[in-house]
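This report looks at one residue and its surroundings, and then at the contact between two chains. Please keep the sequence and the structure in view while reading.

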Amino acid sequence: MSEYSIIGKPTPNVDGPAKVTGEARYTIDMTLPHMLYGKLLRSPYPHARILSIDTSAAEKLPGVKAVITGKDTPGGKWGLWRRFRELSDQQALATDKVRFIGDPVAAVAATTEEIAERALDLIEVDYEPLPAVFDPIEAIKDDAPMVHEDFPSNINATRHIEWGDVDAAFAKADYIREDRFVLEAAHPCAMEVHNSLASYDKGTGRLTVWTSTGSPYFVQQNLADALKMREGDIRVIKPHVGGHFGGKNSTMPDSVNAAILSMKTGRPVKIVFNRDEEFTTTEHRTAQHMALKLGLKKNGEIVAFEVKAMTNGGAYTGLGATTLYLTGTFITMPYKIPNYRYDGVRTYTNIVWGTSIRGFGSVPGKYCSETQLDRAAKDLGIDPLEIRRINAVAPGYTAPGQYTFESCGIQPCIEKMAVRVKEKWPKIEQDEGIGYCAFAYMTGGIFNWIDTPYAYSSAHIKVNWDGTVDLYSQAADVGQGHNTVAAMICAEELGIGLDDIRLHMGDTAHAYTDLGAWGSRETLMNGNAIKDAAAQVKQKLIDIARMKLGENIAYDFVARDKRVFLELRPERGVSYYDLVKDAIRHNDGVPLTGTGHYTPHNKGMISPAYAMGIMAIKAKVDRETGHVTAQDVLVVHDSGQIINPLGARGQTEGCIHMGLGYGLCEEMPMDQGMLLNPEFVDYKILRTRDMPEIEIMHVPTYEPNGPFGAKEAAEATIAPAAPSLANAIYQACGAEFFSNVLKPEKVLKAIRAKEAQNNATSQAKK
Amino acid sequence: MKTIITDFNYLAAKTLDEALDLLCKHKDDDYRIIAGGQSLNTAMKHRLLTPEYILDIKGVADLDYVRFDEKEGLKIGALATHRSVELSPVVREKYEVLREMEENVASIETRNWGTLMGDLCNADPAVDPAPPLIALDAEITVSAKGEERTVPAEEFAVDFFETVVQPGEMATEIRVPPLPPNTGVHFMKYSQIHGDYALASASVLITLDAAKEQCVNARIGLGGVGVTPIRAKKAEEVLKGKKITDEVLAEAARVASEETSPISGIEASADYKRELAGTLVRRVGKEALERARRA
Ligand SMILES: Cc1cc2nc3c(=O)[nH]c(=O)nc-3n(C[C@H](O)[C@H](O)[C@H](O)COP(=O)(O)OP(=O)(O)OC[C@H]3O[C@@H](n4cnc5c(N)ncnc54)[C@H](O)[C@@H]3O)c2cc1C
């Protein structure tokens, strides 16, 4: 008998049938009686002062019910960094000036989408264009235009991390190398665009908003700030969400303006971004410059590491300040780095802003550090897998003042990889190479920039007379499969089946707070809260069972297979369903309830737990076209106790897809702040046929902070994909890359540069 | 960017005659033909096109065919979808290169809706069917009420998104002559992502003499490297009358790349595309030669 009856068993997504039959309702599917359609008029300038706006012609268009500009809004600013009000920099509609191409300046509500769109053409805005800045290095110059008047040098956030004695360690290093990198932006490209439906009840003064978000709680807080309302008068509901990928943490102008328009008109208002708006005005993975200095001993041991990052933040903050910090921490993992220094600067610029896209800061940083490590290994004549093994941390490792790895399977992961690579790829052909990248990632962030007074996660359970369980939480399934994980954890703890669980998730009015789906937090944080709630109910059932059976108080009970029985005498037990009935009878007819919560304490600066592992990619390069083919991917993953192997596999494959896209083809080229590829014809995403075979192996550890020992599985494996690929090409032909997006022309140039360099060296030798 | 299609009048034809009548009637109006709508819808959503009339020919069943006879060769009606060309047994048997080409056009969904003719009429310079049709010496029939003319495949597109088809006309049929003996033909496109539009594409046809030594005829079509698909005539001359060796192919590739005039884009520079076209001609030419030897 395995330890668990539900945990660890491949379990089809509980939302699967509804999704594949089209029954699942997303915000985008919703309509309400008398609903109006809202549209936003957006700035064509990257930076401009608004001199005047004339909405009179638009107002006269038949079917138009409201036209608003900045002066018609409650004027509250909002942002996720609520704890630091100066970083709450978003607003519904620009009042004084616009800061990027796409900054909204007016909003319309009309009886049809067509009329709303036509009304936008009738709004006259008089702008005074201002000089604009698009690059972080330009942005910090003295004479650079200021994006926000109260932020001199356009510095939005800085982060400094340091431990050990970096300068002394470099002075003693046998080998030092310095590399500079430029990382391109990428868009999360969720299938469901940002969209919201708001309904304001003038009688009660209460607002309900349905929105495609990763955190109904954040939206509720931000709406309260933006609208200057009490949060308790705002109910936010998250229906099924068609993709998040980090782009749905911030509250965007769709929900805020839909709410304001609903207040003005007294009718429900829906705003749906089109794909162009999605690309040009919603959050992306930040472009950045990085400089890395690495000091090693001759044997490959890291002695010192120094990292500088300057990120192209864009017009607003989002979670960019946190991303900046995490770039500086994830880049050190999972290695023992005795002396480390990081300086990160996030600048405001006149482009759409970058934020916490899947991998939350780990993706650009790891690209740099892991490709640099391969070059260092080559210079020192050390095998790339070996240099990672030498430096990998052991369980209990602490980066001073930052983080501690409690469970930690990185060493066994590397050992397993070494064995499997030899079996799987005994022979490497001409122009092929194998590239590696070791990685670690947080399981839920310990950050409270949102300034919640509540537990980070909570869950409430109600057990009904017939044994069905209602589980309530604000936790968000955004396609990552959290609903399935939540139901599995609840069912396992109570010893019942998934079919007994009814989920009521993502509604601020019906459930206690959970901070939402970001930083891979739901499995651990919401999982712990659910387990806590279920354990309370279980205890009540055990108490009744003990009473009924008259058992010795020293004997332990377990709940499993819909029974509660003696651990050492399984035949002595009671049916779960009978117990529930008894318990409710004993309790004056009140259903059994449990309310669980979780807030991390004393777990460092980042996370209570870290998933980690190593990836290997075998790739081939075409020396004539520059085409790179990722042929095969191997991942050895320590994700703790896997809750749902099917879900973990899906998430890992999805990470690799997104990570390879970052490495191969996804990019956001801009000209004077204008995105050049705001549609899928030009924004390239890998398709099924471009995806390599993926083999995933697990090195299970037991994570003491996770429910049933679980850690995250949805983000760690995105960062290693691009560097593994670049390293594979480096091994195949020596071509070096100091930037992601290995488009064929770039690869061809790098190959030719390498060939020229080789020729020059061999000439010199002659 | 607006994404809602502006209003239009919708007219549909069920037969070729009806279609030609409609075209005649609306000759002077601002109209567009719609077949599978795969390219037209996108252009209209982006308001690149805002036609007053849409003439729907999707239901014109008498133009939905893929036929072959030994004398006249292959005939593809204007309403044959990419997918039906791809799955056609006679295409597989006699014109394998067209099936190979089709397999990498977009995705199955788009190939199910999109017609091969619509692809040619949309006249993206990187359109996949054009290079093999040029290499195969295909002709396209353009019809108007009571009139008909044929145009060689390499002359069909005249500029970016513009063809020889005039107001009141429509393209009705593609005719591909039977392959001469000892002939091999191949096509490849290069795009970083499978099924994407080509950065460059090339199709080469080689006919050998009876002894399978000398090249008696060669035709080369290129895509994505100019404002229209092109025929690389000078490169063809390099091959003709010669015993084709790797050196000869390399020379033909060099000449072919000089015949191109690509445009720089987000994905790659003109220089890269020019060189790529040469690389493709060499690779495709080698395979075409092998096929001619086996033919
Ligand atoms: C996602 C996607 C990916 C694609 N990838 C590729 C690719 O890799 N390679 C490739 O070659 N193509 C590609 N295409 C283009 C696709 O093949 C064409 O859109 C499709 O074949 C057009 O045919 P249709 O019947 O849909 O034409 P429509 O969209 O209906 O019409 C296209 C144009 O041709 C005109 N037209 C249509 N039929 C006629 C006719 N008989 N006479 C005169 N004019 C006519 C229309 O007026 C219109 O201007 C892609 C398209 C999409 C949407």
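## A residue and an interface

In this predicted model, B:Arg219 touches B:Ile134, B:Ala135, B:Asp137, B:Glu154, B:Ser203, B:Val204, B:Leu205, B:Arg231 and B:Glu236, when residues up to four places away in sequence are left out of the count. B:Arg219 belongs to strand β13, which covers residues 215–223 of chain B, and one of the residues it touches, B:Glu154, is joined to it through a polar contact of 3.4 Å between the two side chains. Is B:Arg219 buried or exposed? Its relative accessible area is 8%, and because this lies under 20%, B:Arg219 counts as buried.

The second topic is the contact between chain B and chain A, to which chain B brings 27 residues and chain A brings 30 residues. The area buried between these chains is about 2,600 Å², with 47% of it coming from carbon and sulfur atoms.

| Item between chain B and chain A | Value |
|---|---|
| Salt bridges across the interface | seven |
| Salt bridge of B:Arg47 and A:Glu117, N to O | 2.9 Å |
| Residue pairs in polar contact, both at pLDDT 80 or more | 19 residue pairs |

On the side of chain B that touches chain A, helix α12 (residues 270–294) gives the most, with six residues. By residue class, that side of chain B is made up of ten nonpolar, nine polar and eight charged residues.

Methods
Residues numbered from 1 in each chain as written. Chains lettered and ligands numbered in written order. Predicted model: local features only at pLDDT ≥ 70, side-chain atom pairs only at ≥ 80, totals over all residues. Heavy atoms only, no water. Helix = DSSP H or I, 4+ residues; strand = E, 2+ residues; numbered from the N terminus. Buried < 20%, exposed > 50% of the residue type's maximum accessible area, 1.4 Å probe, protein only. Polar contact = N/O pair within 3.5 Å; in protein donor to acceptor, adjacent residues only side chain to side chain. Contact = heavy atoms within 4.5 Å. Buried area = accessible area lost by both parts, 1.4 Å probe. Salt bridge = Lys/Arg side-chain N within 4 Å of Asp/Glu carboxyl O. Nonpolar A, V, L, I, M, F, W, Y, C, P; charged D, E, K, R; others polar.
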